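This briefing concerns a single protein chain. Please examine the sequence and the model shown here before reading the notes that follow.

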Amino acid sequence: MKKRNLRIVALALSILMLALVSGCGKGPKAADLPTFREISWEGKELTVSLGANRSSGCVWNVEFEDDSIIGYSINRVFHLVDNMQGLAIGYSAIGFEGKSEGTAKIFLTTPCSWDGSGEGLKYVVTATVNADGTIKSAVGEEG
C-alpha cells in the first residue's frame, strides 16, 4: 500500500512540474521586452501590453485624446518577467474600456528610455469604438 501511495504522489508531482514548466514559456522573453508592444480586444475591453523596466523608471503613463470615447478600465497589471540581476523588468498590461462611438487616440509615454539614461518612449494607439462601447479596431504605432 505504501508503494502505491508513493507512486501516486510521484506521478502527481511529475504532472505539476510539467504544468509549471510548460506555463513558463508564455509571454515575451526578457530580451524582447524593450520593444514589446501588443494590442488585443474583446467586447468593450481593450488591452495594451508594453515592455517596462521599473528598475530604471521606464514605466508607462497614459493620456487620452477623448476619454468620452475610450477611457481606463479597472485592469492594469505588471507581469514580472525577470529579476535575475536585481532588475524589475516585465510588461504592463493596461486595460481600457470603450464608452461611446468614435475614434480616439491613446498616448502612452515613459519618462525615460529603457535603461533610464535617455529620452522617453512614445506609443500611440488609435482605437475605434462602436455605439454600444465595443471595440471595433485598434492599431498602435511608435510615437
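Is Asn 53 buried or exposed? Asn 53 is buried, its relative accessible area being 6%; buried means under 20% relative accessible area, exposed over 50%, and partly exposed in between (1.4 Å probe, protein chains only). The model is a predicted one, in which local features need pLDDT of at least 70 and side-chain atom pairs count only at pLDDT 80 or more, while totals for chains, interfaces and linings use all residues. Residues are numbered from 1 along each chain as its sequence is written, and side-chain values use heavy atoms, with hydrogens and water left out.

**Overall organisation**

- One helix and eight strands make up the secondary structure of the chain; helices (H or I, at least four residues) and strands (E, at least two) are DSSP runs, numbered from the N terminus.
- Read from the N terminus, the order of elements is α-β-β-β-β-β-β-β-β.
- The chain has 143 residues, of which 31% count as buried.
- Among contacts in the chain with a separation of 6 or more, 61% are between residues 24 or more positions apart; a contact means heavy atoms within 4.5 Å.
- The chain has an accessible surface of about 8,900 Å², and carbon and sulfur atoms account for 56% of this surface; the areas come from the Shrake-Rupley method with a 1.4 Å probe, and for residues only the protein chains shown count as cover.

**The four-stranded sheet**

- An open sheet is formed by four strands in the order E1-E2-E5-E4, with antiparallel pairing; two strands pair if DSSP finds at least two bridges between them.
- Strand E1 (37–42) and strand E4 (70–82) are the edge strands, each pairing on one side only.
- On average, neighbouring strands of this sheet are turned by 20° against each other, direction ignored; the strand axes are lines fitted to C-alpha atoms.
- E1 and E2 run antiparallel and are joined by six bridges; Ile 39 has Val 48 in E2 as its bridge partner.
- E2 and E5 are likewise antiparallel, with nine bridges between them, and Leu 46 stands opposite Phe 96 in E5.
- E4 pairs with E5 in the antiparallel sense over nine bridges, and the bridge partner of Leu 80 in E5 is Gly 90.
- Nine of the 10 residues of E5 are buried, so this strand is mostly covered.

**Nonpolar cores**

- The largest nonpolar core has 19 residues, of which Leu 46, Val 48, Ile 70, Phe 96, Ile 106, Leu 108 and Val 125 touch the most other members; such a core is a set of buried Ala, Val, Leu, Ile, Met, Phe, Trp, Tyr and Cys residues joined through side-chain atoms within 4.5 Å.
- E2, strand E5 (89–98), E6, E7 and strand E8 (135–142) are the elements that give two or more residues to this core.
- Another core, of seven residues, lies apart from it; among its members are Phe 36, Cys 58, Tyr 91 and Trp 114.
- Beyond residues up to four places away in sequence, Ile 70 touches several residues, including Leu 46, Phe 64, Phe 96, Ile 106 and Ile 135.

**Asn 53 and Trp 114**

- Asn 53 belongs to strand E2 (residues 45–53).
- A polar atom of the Asn 53 side chain lies 3.1 Å from the backbone nitrogen of Ser 55, and the side chain of Asn 53 also reaches the backbone oxygen of Trp 114 at 3.0 Å.
- With neighbours within four places in sequence left aside, Asn 53 contacts Cys 58, Ala 88, Ile 89 and Trp 114.
- Trp 114 is located in the loop between strand E6 (102–109) and strand E7 (122–129), and it is buried, with a relative accessible area of 19%.
- Trp 114 and Ala 52 are 62 residues apart in sequence, and their C-alpha atoms are 7.4 Å apart in space.

**Pro 111**

- Pro 111 also occurs in the loop between E6 and E7, but Pro 111 is exposed, with a relative accessible area of 55%.
- Pro 111 and Asn 61 are 50 residues apart along the chain, with 8.2 Å between their C-alpha atoms.
- Not counting residues up to four places away in sequence, Pro 111 touches Gly 57, Val 59, Asn 61 and Gly 120.

Conventions
Polar contact = N/O pair within 3.5 Å; in protein donor to acceptor, adjacent residues only side chain to side chain. Axes fitted to C-alpha atoms, helices over the stretch in contact; angles between N-to-C directions.
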